[in-house]
Amino acid sequence: MPEPRRLPARSVIGSLVLIAVVIGGGAAAFAYTAGWLSPQRLTPDRMVDALAPPGGPALGHRRNHAKGICFTGVFEANGAGTALSRAQAFASGQYPVLGRFNLGTADANAPDATVRVRGMGLQIATPDGEIWRSAMINAPVFPVSTPQAFYGLLLASGSKDPDAMKTFAGAHPEIAPFGAWAKDGPWTGSYAEERYNSLNSFVFTDSSGAQKTVRWSLLPAAQPAPISQDDLAKRGPNFLEEEIVERVHAGPQHWTLAVTVANPDDPTVDPSKAWPADRRTVEVGTLTVQRIEAEADGPCRDINFDPTILPSGIQTSDDPFPAARSSAYAKSYDRRTAEAKDYPYTATDAKP
Amino acid sequence: MTQAVMGAPQRFTPLQRLLHWLMAICILAMLFIGVGMVSTVMPKYLTLVSIHKPLGIAILVLALIRLVVRLRYGTPPLPADLPEPMKLAAHLSHYAFYALMIGMPLLGWGMLSAASYPVVLYGSIYLPPILPLNDSLHTLLWNAHFYLAFAFFALILLHVAAALFHALVRRDGVFEAMAPVPTTASDEIVPAE
């Protein structure tokens, strides 16, 4: 090993400056990538923060759709869906499902009659080891066109400015169909009487490789019985959970899974836009809910119904929402699972 | 002249250098993808996540191969005149690198398992869960994965600073030992093999 050569002081200082520039540049690039230099970037943290009600989030619970109840059952495919997707969930057969009825609120104790949006989280597992998760709501369209606009909607609805919502609606006229449904659409007295819609579009690939962009809905077998919001309020704050427990105890509840195929020019990118009613729709199977379990110890508690967890044969489309939902749901999951002590398990032996 | 005549080798073996630089690219990409993906809600989030998982497993496999190669071929000696604290730092940093290269992918895999997320390698190729669904385990592993990622990047910055210090200031052959191709300096220092 030769002796290290001694360098003149000026050369050493130059080298040290060069090293500092390289390290500083690396650290700055990392900080930029992490968003620390971009306070305007819409991050999952900011989205989830914006969901919190004025009193703070419901610790240990989902940051949105915080109130819910678990179910299990089966999805029985009739085989018709194989014309659209090669996913095994569409091949004739019965596949176990796990799901969650929920209310679209950040308040885990919200009285049922105060929450307009009802939802269903669903997981279908197939023998090939694939998992299909979905989270649907009863609204016929989503309020806004982009995740950025949804963030704006959250800020406007939480704003102290009395004109904030009016200003937002003026800038986002696409909210009108959702607003009309929220105002005049029927209310029902049961989770079992709701239709649950994917709203987002996805791309199905069949066994020949052909692709079609679709949305899907779960259509209730139970006849919806309209009820006024006031009458619903009189039934009690947790009526929906009590009702679905009794109802499923008396007999399993069914929904038909209907897949709607977009025409080439339909707005697949924008869940605030309904597709024309005459689009090809294929009934691909029946969801049967067989058992209801309280969420605290139930099988849906620690499941993230991330709509981008998809089997081969289903993938995301140009709709930007599934990606945004995936990132925000993961953040919600990370936060709430770290707060499990704030939402205790009620049965000591139920902890997984 | 052969290495046997020269005594201890002056450079890492070509396989070790290949693994080092290949993994350097993978790990830097991995860390940037990691902090980038958790700070966006845009569609690129899904693309970045779909790279992060298989790349992490690739790094795990490469790290295990590299560990075996390291145990088999060892390292060139550090310069005899290197101050003891720097020698100690060099040795400790290598332990830390191997722990992180092997540990980080396992923490990520375990964290996804404990949350009952499928671990997708590519298309419908999945890795099995290595832990049961458990919220407190998920939180523990998530925190470890998150904070150790920043520790990993800080360690890489230190490593780069030290490598450049050896290359530009001390000019003692340590950088040339791992340089991807023989440099002018190493030609001067290391006689032709």
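User: Which residues does A:Val261 touch, not counting residues up to four places away in sequence?

Analyst: In this predicted model, A:Val261 touches A:Lys212, A:Val214, A:Arg279 and A:Arg280, with residues up to four places away in sequence left out. A:Val261 itself is found in strand β10 of chain A, which covers residues 253-261.

User: Why is A:Val261 called partly exposed?

Analyst: A:Val261 has 17 other C-beta atoms within 10 Å. A residue is buried at 20 or more such atoms and exposed at 12 or fewer, so A:Val261, with 17, lies in between and counts as partly exposed.

User: What separates the C-alpha atoms of A:Val261 and A:Gln229?

Analyst: The C-alpha atoms of A:Val261 and A:Gln229 are separated by 34 Å, and the two residues are 32 residues apart along the chain.

User: Why does B:Val61 count as exposed?

Analyst: B:Val61 is found in helix α3 of chain B, residues 44-73, and it has 11 C-beta neighbours inside 10 Å. Since 12 or fewer is the limit for an exposed residue, B:Val61 with its 11 neighbours counts as exposed. For B:Val61 and B:Ala29, which are 32 residues apart along the chain, the C-alpha atoms are separated by 16 Å.

User: What makes strand β2 of chain A largely enclosed by the rest of the structure?

Analyst: Strand β2 of chain A runs over residues 93-103, and eight of its eleven residues are buried, so the strand is largely enclosed by the rest of the structure.

User: How do you know that β2(A) pairs with strand β1 of chain A and with strand β3 of chain A?

Analyst: Two strands pair if at least two bridges are found between them. Strand β1, residues 67-77, is joined to β2(A) over eleven bridges in the antiparallel sense, so that pairing meets the requirement. Strand β3, residues 118-125, is joined to β2(A) over seven bridges, again in the antiparallel sense, so this pairing meets the requirement as well. As for individual residues, A:Lys67 has A:Leu103 as its bridge partner in β2(A), while A:Gly99 stands opposite A:Leu122 in β3(A).

User: Why are helix α3 and helix α4 of chain A called roughly antiparallel?

Analyst: The axes of α3(A), residues 147-157, and α4(A), residues 164-171, come within 8 Å and cross at roughly 160°. Angles over 145 degrees count as roughly antiparallel, and that makes α3(A) roughly antiparallel to α4(A). The contact is made by A:Gly152, A:Leu153, A:Ala156 and A:Ser157 of α3(A) together with A:Ala164, A:Met165 and A:Phe168 of α4(A). The crossing of α3(A) past α4(A) is left-handed.

User: What do the two chains contain as a whole?

Analyst: Chain A has eight helices and twelve strands, and buried residues make up 41% of its 352 residues. Chain B has seven helices and two strands, and of its 193 residues 30% count as buried. Chain A is assigned domain 1 (10-39) and domain 2 (42-346), whose centres, taken over C-alpha atoms, are separated by 45 Å.

Terms used:
Residues are numbered from 1 along each chain as its sequence is written. Chains are lettered from A and ligands numbered from 1 in the order in which they are written. This is a predicted model: local features need pLDDT of at least 70, side-chain atom pairs count only at pLDDT 80 or more; totals for chains, interfaces and linings use all residues. Domain bounds come from an automatic or database domain assignment. Helices (H or I, at least four residues) and strands (E, at least two) are DSSP runs, numbered from the N terminus. Two residues are in contact if their C-beta atoms, placed from the backbone, lie within 7 Å. Axes are lines fitted to C-alpha atoms, for helices over the stretch in contact, and angles run from 0 to 180 degrees between N-to-C directions. Angles under 35 degrees count as roughly parallel, over 145 as roughly antiparallel, 65 to 115 as roughly perpendicular and the rest as oblique. A crossing is left-handed if the near helix is turned anticlockwise from the far one by less than a right angle, and right-handed if clockwise.
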